[in-house]
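Please take a look at the model below.

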Amino acid sequence: MNELTNDRFKGGMPDYLIRHTTFRQMQIFEAVVRLGSFTRASEELFLTQPTVSTQFKKLADAMDLPLLDQSSRKLKPTEAGEALYRAIRKIFDTMADLDTFIAELKGLRRGRLRLGVITTAKYFAPEILGDFCRQFPGVDVSLKVTNRERILERVQNNEDDIYILGQPPEKSLNLKVYPFAPNPLVVMAGVNHPLCLESHISIQRLSEEPLISREIGSGIRDTTMRLFASHGLKPKVRMELGSNEAIKHAVVGGLGVAVLSLHTLVLEGDNGPVDVLDVEGFPIERKWYLGHSKDKVLSLIAQAFLEFARASEPVINERMRSLYAKFSQRHQAKRDKHKLSG
Ligand code: PGA
């Protein structure tokens, strides 16, 4: 190694980075790029906007290259910015793993657990998390709930320790998965919808009804559209909404029918304003998948959560089985009453 190289890389680290960059700047840069906004980054980090801008600029000066693409209207990193973002993510992940490891060496059940789950898992994940946190009160938990497309992006960026997906991920994703409790899709309508009195409704008949669909990027939407397509049919999508709860409200408001996970009805049960229709081919039996990156050594906490979640499977199985049975009984009673009055 010549002298120049020695000067630039002390202890294997570029000297200009040691002198001119801080973890705080990296944290700010990471948040700005991830959230796509200086305002949101300052909110998340509880910092003022001028602090965020100043520290961001200092980091860009240290790199001696623009980090944001000024030509784009949306906040977008340049090639250098993207490379820096990836490097920072690696550094932060390593430091967080170190923190968990040290905590475990100290014999403390302390550390963090980051979960990324698809929308329907929010109907059970907080419950498991509640039990888990009671058992491990020192664990900091973050739960990100979003649609399939966004979860797959999070998998690629290695943003979470454990993921819950609604269908198996593509083989190319470096994810170890464990099939887990049932996640059936059913057709929903408001309790006064005329189809509530019918049995064995065909997919053809369903395709004539206005459908309230989830947004593009949703796993539920993909599965639903595939089912219609496999019958050579196209549903009449009346409206697209990005939230399961908003769709339930639209269904109750009489705007149409919808295909959603039966889990979305767990709180109101079969006595609420939403009914489950008897449509051929439904429920679409699906499972959830718990997963984690194959490259990552799981922390003890993440391992404990994985076991904890898997142990809750029988409870979830039973919940789905009994809820579906209740809707079927309710149907039968409704049809019998209708026949009598007719
Ligand atoms: P989605 O996934 O939120 O992407 O529709 C939910 C599911 O697959 O159950």
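## The second largest cavity

β8 (210–214) and α10 (219–230) each supply at least two lining residues of the second largest cavity. Helices (H or I, at least four residues) and strands (E, at least two) are DSSP runs, numbered from the N terminus. A cavity is found on a 1 Å grid over the protein atoms alone: it is a set of points where a 1.4 Å probe fits but cannot get out, and lining residues have an atom within 4 Å of a point.

The lining consists of Leu211, Ile212, Ser213, Arg214, Ile220, Arg221, Thr224, Met225 and Val259. Five of these residues are nonpolar, two are polar and two are charged. Here Ala, Val, Leu, Ile, Met, Phe, Trp, Tyr, Cys and Pro count as nonpolar, Asp, Glu, Lys and Arg as charged, and the others, Gly among them, as polar. The space inside is about 50 Å³. Such a volume is the space filled by probe spheres set on the grid points, which are joined across faces, edges and corners.

## Basis of the model

This is a predicted model, with residues numbered from 1 along each chain as its sequence is written. Local features need pLDDT of at least 70, side-chain atom pairs count only at pLDDT 80 or more, totals for chains, interfaces and linings use all residues, and side-chain values use heavy atoms, with hydrogens and water left out.

## The largest cavity

The structure holds two cavities of 30 Å³ or more. The largest has about 100 Å³ of space. It is lined by 13 residues, and Ile118, Thr119, Arg148, Gly219 and Ile220 are the closest to its centre. By class, the lining has two nonpolar, eight polar and three charged residues.

## The ligand

Where does the ligand sit? It sits in the largest cavity, meaning that more than half of its atoms lie within 2 Å of the grid points. The residues around it (a heavy atom within 4 Å) include Asn147, Gly166, Asn183, Ser218 and Arg286. This shell divides into two nonpolar, seven polar and three charged residues.

The side chain of Thr119 has an N or O atom 2.5 Å from a ligand oxygen. For Arg148, a backbone N or O atom is 2.7 Å from a ligand oxygen. Gly219 also places a backbone N or O atom 2.7 Å from an oxygen of the ligand. The protein covers 99% of the 280 Å² of accessible area that the ligand has on its own, by the Shrake-Rupley method with a 1.4 Å probe.

## Two backbone spots

Most residues other than glycine have a negative phi, and most peptide bonds are trans. Phe46 has a positive phi, near 55°. Its place is the loop between α4 (38–45) and α5 (49–63).

Phe282 and Pro283 are joined by a cis peptide bond, with omega about 0°. Pro283 lies in the loop between β11 (274–276) and β12 (287–293).

Notes: Polar contact = N/O pair within 3.5 Å; in protein donor to acceptor, adjacent residues only side chain to side chain. 1 Å grid on protein atoms, 1.4 Å probe; cavity = no way out; pocket = protein on both sides within 12 Å on 5 of 7 lines; lining within 4 Å.
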